Amino acid sequence: MLLELKNVSKFYYGKGTVSSGFTKVNLKLDMGEFVAITGESGSGKSTLLNVLSGLDSYEEGEMYVNGKETSGYTEKDFENYRKKYIGNIFQNFNLVNSYTVYQNIELVLLINGYKKHKIKKKILKVIDEVGLTKYKNTKVSKLSGGQKQRVAIARALIKETPIIVADEPTGNLDSKTAKSIIELLHKVSKDKLVIVVTHNYEHIEKYVTRKIVMNDGKIIEDKKIERTLKPDENLETNSIKLGDIPKAQNKKKNIGVFNKIRLGIRNTFNIKVKFLLLLAVFLFITVSAFGGYSSLKKQQYEQSNDGYNNFFRNSDERRIIIKKADNSEFNKEDYEKLKNIDNVEYIIENDLFLDRYFNVSTNNLSLYGNFNSINNLDKQITYGRMPEKDNEMVIVGNKNDYYISNTKDTILNSEWNITDNYGKSLTNEKCKIVGIAVKDGNNYNTEFYTSQNILNSIQKNINIDFSKIKIEFNDQILSSAYGGSQYRIAPNDNVPEGKAYVSRDLNSMTKKGNAIGYTVKINVKNMYFESNLDVQISKTYTKNTLKSLTGETDFDLHNGEIYINTNDYYNLFNKGNYQSSVFVKDAKIANETVKEIQNLGYKTLYIKDCLMSWDGGYGAIIQTINVLVFIVVGVVLFFISYFIIKIILKSRNVYFSTIRILGATRKNAKSLLRIELFTVLNIAFITVITLIILISNNAIKNAYIQDLITFLQIKDYIIVYILLTLVSILIANRYSKKLFKKSAMSTYRDEEV
Ligand code: ADP
Ligand code: MG
């Protein structure tokens, strides 16, 4: 026995009410029968049919398929049952209106795992059998009711299922068309079980082998009839024999990946309005994601730049300090290698002077600041002009700096002395400030940009600050540190090379009472190198002779200084470059550049990583709040999008119930939906990326977006893409879950209201 019901009842549970669809029905149905079910409206015919075809569950009794009971069936088992056993035909056709006749029929086979190229002949043959060859490429929405029902029959036939159920297939048709549809059903019914629910028994009378009458949920009549007309014996499509069913079951597969993608993409573009609405939502999501993400990065970046370091005065976000792993001196090849890194803009070979303040003074004004090469100036001149001569320079100061804003006329017109710690000029000629550039933010460091010539003059004075100096005289250590001590070395042009002029005070430290002829041993040591110089004392000075010997006038200030030849002096300190700084083009990817430099074997210190914040940690709290706001806004956006997409997709409920009835599983529906949303997402994403490219290439002008874009790197695009993909998957999952919570039939019923 193909189908059997034993005492089966079906109830509908409403809000606090239970109504019955049918009660205690006993029924045996077999292959080869052509069954008509008639009865008043509301007598339970549709309910019975839906239970028989696995579209609705039942509450009491037992249904047997091929002799096996179905009480243990899961949702999946019923899906399989529908797939393999049932071809459905409905009163209102339940076709996919936006598909063509061919596509509607093809859909069933694709869902049931057939290969696209293998089914073409078969589909065309079925279309021919139902007499629609002329319309095979016509959209179903353009067909008449009778033609639609023919498509539905063709669709039921092509599944080659043993059972065809038709619920009032002629209910929406005029009586002439109705007749031809019944004829068609009959024609194709050889070796099948066909169950037709109808109001108009007279239409069907001469074809049936059995008549069942229902009333108030019960079968009140069930009689076999000798049929007067036989179905078409020559049709091949209905060649299923009962014995074949179990084998056929195992063979049928699920929809293939390519067909899934094909259908998903077909569905994406099928209904233009729906596509455009979805695209608008996804464009909105994509733009919001990029906007939010880049703003967050911008805030983070700006906050991380805003800080200071007491040791490294130059806290430029582009600066990476480097030294060699073995503390040795940098050579040309080192700089070549470093310059070859993509993101490297320029290298300051003697990095130490970047962090050294020099005094720049006129008669009445004294400024302190760092020096840099004019070639590295990255700001516009606000007042004055760019340097034209070697001794000209530009000053860069904070917009709110008192001197920059109030004394700019004095600054621009005077001649300036660049001096060492003792007020001694470091350059041969005086310098002139010809331009002023202002900067924003919290950085109040004053900077001077000037020619390489001037830089060379002042650079020789650099390593002194970073070195320890030991002076040994007559086996005694005079001083162990530079500055603050009475005895210290100083450069003087009057002293011959290899000689020293010392204070007469040193005489008392010798046995003879005379220091002349003694040797002064000088040892210079810093973290990179050590150098030694022995000089012989050739003269001693007193308060009276200081000026004639050295040119210095202030004896109290200078007494105790050990004057040595200027070249000797600088040779002690200028031993090449041991610490350099790389300045990058794009500070936003400086961390990657740091890694590249490390991979070349150098030690690095990225200045931005060692800044103290001005705000004492307050910014970190703001940053955390920003991230939280970003997440909350993201979640809210997700739900808004989900809600809108749900409304847009509501029109798709019928589609999904249709493919479900045709045998698609929940998984199939989910992946079709995912593919559809994913396709729209990709189109939106590509559109936005194209816009971003146009804006960043200045084809479209928007300074604000242009600025934001600079904060996005490839990896950020990937992150946003993954995020959006997850969102679309999540939406598809949520939606299909809701869709499948209800049975396929109740989805239909809801739509019909
Ligand atoms: P028919 O197809 O013979 O007109 P139905 O099978 O549609 O009758 O309905 C049988 C009974 O079940 C009716 O009393 C109807 O009110 C009830 N019924 C049908 N569908 C539902 C439903 N979704 N919810 C509640 N009651 C229903
Ligand atoms: Mg009905």
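1. Helix α2 (residues 75-85) lies across β6 and β7, at about 80 degrees to β6. The terms, briefly. Helices (H or I, at least four residues) and strands (E, at least two) are DSSP runs, numbered from the N terminus. Contact means heavy atoms within 4.5 Å. Axes are lines fitted to C-alpha atoms, for helices over the stretch in contact; angles run from 0 to 180 degrees between N-to-C directions.

2. This is a predicted model: local features need pLDDT of at least 70, side-chain atom pairs count only at pLDDT 80 or more, and totals for chains, interfaces and linings use all residues. Residues are numbered from 1 along each chain as its sequence is written, chains are lettered from A and ligands numbered from 1 in the order in which they are written, and side-chain values use heavy atoms, leaving out hydrogens and water.

3. β6 and β7 belong to an open sheet of six strands, ordered β6-β7-β8-β3-β9-β10, with mixed pairing. Two strands pair if DSSP finds at least two bridges between them. β6 (86-89) and β10 (218-224) are the edges; each has a single partner strand, so one side of each lacks a neighbour in the sheet. Strand-to-strand twist averages 15 degrees.

4. Within that sheet, β7 (residues 163-167) and β8 (residues 193-197) run parallel, joined by five bridges. A166 has V196 of β8 as its bridge partner.

5. Now β26 (residues 530-541). Strand β24 (residues 499-503) runs parallel to β26, with five bridges between them. A500 stands opposite I537 of β26.

6. β25 (residues 519-525) pairs with β26 in the antiparallel sense, over seven bridges. A hairpin of four residues links β25 to β26. N523 has N532 of β26 as its bridge partner.
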